[in-house]
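Open your viewer and keep the selection tool at hand. We will go stop by stop.

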Amino acid sequence: HDALPISMRCKPEQIYRRMCYLVERDQLYLDPHLSLIRLSVMTGTNTLYLSRAINICTGNNFRTMLNNYRIKYATELLKKNVMPRFSFKDFHQRCGYLSKSAFYTAFRQRMHMTPKDFLNECLDNVDWKELDKERNLQSEEGTPLTITTASAAM
């Protein structure tokens, strides 16, 4: 029994949970070269079982699942870094994309707006008075500033 590969002993939900644990713990989604093959090896299964597990558990394919992780990460970064002069230069690479166009396409598909529109929406929802108070308190304490917006629940 122990000689069988993990994929022969596990249900799709178990394979999927193991994969999610590894992807989230090590932020594997930020690796622009992450492939189904590499992820299946890390998960201890083969590509067929992993692909099937992802499809059964999410209704999506590997690429869509990966884009969902990356765009979620991008929106969290944008919410945390709400600044009027935020630079999008190389932002796509920080989120695991090799090309800017692939990032913008995936962002738009998932969020129904561009990253810049999303950032502007976050800026519109910042409580600037509260931010100034927090900035003054934190500069006295020497702690980093965390920006919260009304759209943090998005």
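**Ground rules**

This is a predicted model: local features need pLDDT of at least 70, side-chain atom pairs count only at pLDDT 80 or more, and totals for chains, interfaces and linings use all residues. Residues are numbered from 1 along each chain as its sequence is written, and side-chain values use heavy atoms, with hydrogens and water left out.

**Stop 1: the whole chain**

How many helices and strands does the protein chain have? The secondary structure comes to 9 helices and 0 strands. Read from the N terminus, the order is α-α-α-α-α-α-α-α-α. Here helices (H or I, at least four residues) and strands (E, at least two) are DSSP runs, numbered from the N terminus.

The protein chain exposes about 9,600 Å². Carbon and sulfur atoms supply 51% of that area. Accessible areas come from the Shrake-Rupley method with a 1.4 Å probe; for residues, only the protein chains shown count as cover. Of the 154 residues, 38% count as buried. Buried means under 20% relative accessible area, exposed means over 50%, and partly exposed lies in between (1.4 Å probe, protein chains only).

Next, think about contacts, meaning heavy atoms within 4.5 Å. Take the contacts with a separation of 6 or more: residues 24 or more positions apart account for 61% of them.

**Stop 2: colour by confidence**

Colour the chain by pLDDT, the predictor's confidence in each residue, from 0 to 100. The chain averages 83, and 76% of the residues score at least 70. Select residues 147-154: there the pLDDT is below 50. Beyond near neighbours in sequence, this stretch has 18 contacts in the model.

**Stop 3**

Two packed helices are described by the angle between their axes and the distance between the axes. Axes are lines fitted to C-alpha atoms, for helices over the stretch in contact, and angles run from 0 to 180 degrees between N-to-C directions.

Select helix α2 (residues 12-25) together with α3. They pack at an angle of about 105°, with their axes 10 Å apart. That makes α2 roughly perpendicular to α3; the word covers angles from 65 to 115 degrees. Show side chains: I15, R18, M19, L22 and V23 in α2 meet L39, M42 and T43 in α3. The residues of this contact divide into 6 nonpolar, 1 polar and 1 charged. Ala, Val, Leu, Ile, Met, Phe, Trp, Tyr, Cys and Pro count as nonpolar, Asp, Glu, Lys and Arg as charged, and the others, Gly among them, as polar.

**Stop 4: α3 against α4**

L36, I37, L39, S40 and T43 in α3 meet T47, L50, S51 and I54 in α4. This contact has 5 nonpolar residues, 4 polar and no charged.

Zoom in on T43, which sits in helix α3. T43 is buried, with a relative accessible area of 3%. Draw a line from T43 to Y21, C-alpha to C-alpha: they are 22 residues apart in sequence and 9.4 Å apart in space.

**Stop 5: two loops**

Go to the loop between α2 and α3 and pick Q27. Q27 has a positive phi of about 45° although it is not a glycine. Q27 is partly exposed, at 36% relative accessible area.

Stay in the loop between α2 and α3 for S35. S35 is partly exposed too, with a relative accessible area of 23%.

Jump to H112, in the loop between α7 (100-111) and α8 (115-124). H112 has a positive phi of about 60° although it is not a glycine. Is H112 buried or exposed? H112 is exposed, with a relative accessible area of 67%.

**Stop 6: T75**

Finish in helix α5 (residues 62-80), where you will find T75. T75 counts as buried, at 8% relative accessibility. Not counting residues up to four places away in sequence, T75 touches F107, M111 and F118. T75 and F107 are 32 residues apart in sequence and 9.0 Å apart in space, C-alpha to C-alpha.

How values were computed. Parallel < 35°, antiparallel > 145°, perpendicular 65-115°, else oblique.
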